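Here are my notes on the model you sent over.

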Amino acid sequence: MKRPFDIAGAVLGLLFIAPFTPFIALAIMLESGGPVFVRLPRVSAGRIVKVRKFRSMIRNAHALKPTLVHLNERTDGPLFKIKDDPRLTRVGRFLRKSRLDEFPQFWNVLLGDLSLIGPRPHEPEEMLAYPPEFKKLYLAKAGLTGLSQVMGASKLPFKRELEYDLYYVENQSTALDVKILGKTLWIFLSDPTGV
């Protein structure tokens, strides 16, 4: 049932964002020029996929990352997070806060690169730092949302996040998917920054 569930959710997500897409695209173009979308490398189901997002950063953001390492707030693992990232555009800050930047990923779900529910999609270099007991996550299909996201997202310690993702992979069920999706919708509607 998971694939039909993914397709239905992806179609609904794309229909939701469709009326807003021209306005988001125009705002991005007016502030910083194109491109409107970015395709970021993430690991899913044992391979690297290009995850689609609305562009929320300046165009050379990835090249500037090494110069900002000293500002990284995540010291418990390989993840990179800066609360007030100087690479974010003004439009990008709004898109990140509202989580609208994530909606193009429904295309990835429709194509089968991602699932609606699954482990958090990490960058390839981040996954190289996984402790051996979490290597199983390499082969799992990553999700737009998942157990680790609804249990605290980026506020979780790195290892705790992996523990939640591994629990999901080893205990996956339709009932658990529905529970996670329901909690995701509740968080999105009440506090988008919490997902």
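1. Burial overall. In the protein chain, 45% of the 195 residues are buried, where buried means under 20% relative accessible area, exposed means over 50% and partly exposed covers what lies in between (1.4 Å probe, protein chains only). Please keep in mind that this is a predicted model, in which local features need pLDDT of at least 70 and side-chain atom pairs count only at pLDDT 80 or more, while totals for chains, interfaces and linings use all residues. Residues are numbered from 1 along each chain as its sequence is written, and side-chain values use heavy atoms, with hydrogens and water left out.

2. Elements and overall dimensions. The protein chain has 9 helices and 4 strands, taken as DSSP runs (H or I of at least four residues for helices, E of at least two for strands) and numbered from the N terminus. Read from the N terminus on, their order is α-α-β-β-α-α-α-β-α-β-α-α-α. The C-alpha trace spans about 45 × 40 × 30 Å along its principal axes. Its radius of gyration is 16 Å, which agrees with the value near 16 Å for a compact globule of 195 residues; the radius is taken over C-alpha atoms, and the globule rule is 2.2 Å times the number of residues to the power 0.38. Of the contacts (heavy atoms within 4.5 Å) between residues at least 6 apart in sequence, 69% join residues at least 24 apart.

3. Helices α2 and α4. How do the axes of these two helices cross? The axes of α2 (residues 21-32) and α4 (residues 90-98) come within 9 Å and cross at roughly 150°. Here the axes are lines fitted to C-alpha atoms, for helices over the stretch in contact, and angles run from 0 to 180 degrees between N-to-C directions. From α2, the contact is made by I24, A27, I28 and E31, and from α4 by R90, V91 and L95. By class, this contact has 5 nonpolar, no polar and 2 charged residues. The classes put Ala, Val, Leu, Ile, Met, Phe, Trp, Tyr, Cys and Pro under nonpolar, Asp, Glu, Lys and Arg under charged, and the others, Gly among them, under polar.

4. The two sides of α4. Which residues of α4 are buried? They are V91, G92, L95 and S98. These residues lie on the same side of α4, because they cover an arc of only 140° around the axis, with the arc being that of the directions from the helix axis to the C-beta atoms. As a reminder, an α-helix has 3.6 residues a turn, so residues three or four places apart point the same way. The buried residues of α4 pack against α2, β2 (47-54) and α9 (174-190). R90 and K97 are exposed on the other side of α4.

5. S32. This residue lies in helix α2 and counts as buried, at 18% relative accessibility. The side chain of S32 makes a polar contact with the side chain of R55 at 3.0 Å. Such a contact is a pair of N or O atoms within 3.5 Å; within protein, one must be able to donate a hydrogen and the other to accept it, and residues adjacent in sequence count only if both atoms are side-chain atoms. Leaving aside residues up to four places away in sequence, S32 touches R55, R59 and T89.

6. Backbone points to look at. G34 and P35 are joined by a cis peptide bond, with omega about 0°, and P35 lies in the loop between α2 and β1 (37-44). A45 is not a glycine, yet has a positive phi of about 55°. A45 sits in the loop between β1 and β2 and is partly exposed, with a relative accessible area of 35%. R99, also not a glycine, has a positive phi of about 70°; this residue follows α4 and belongs to the loop between α4 and α5 (105-111).

7. K50 lies in strand β2 and is partly exposed at 39% relative accessibility. Not counting residues up to four places away in sequence, K50 touches R39, L40, P41 and N108. V11, in helix α1 (residues 2-17), is partly exposed at 37% relative accessibility.
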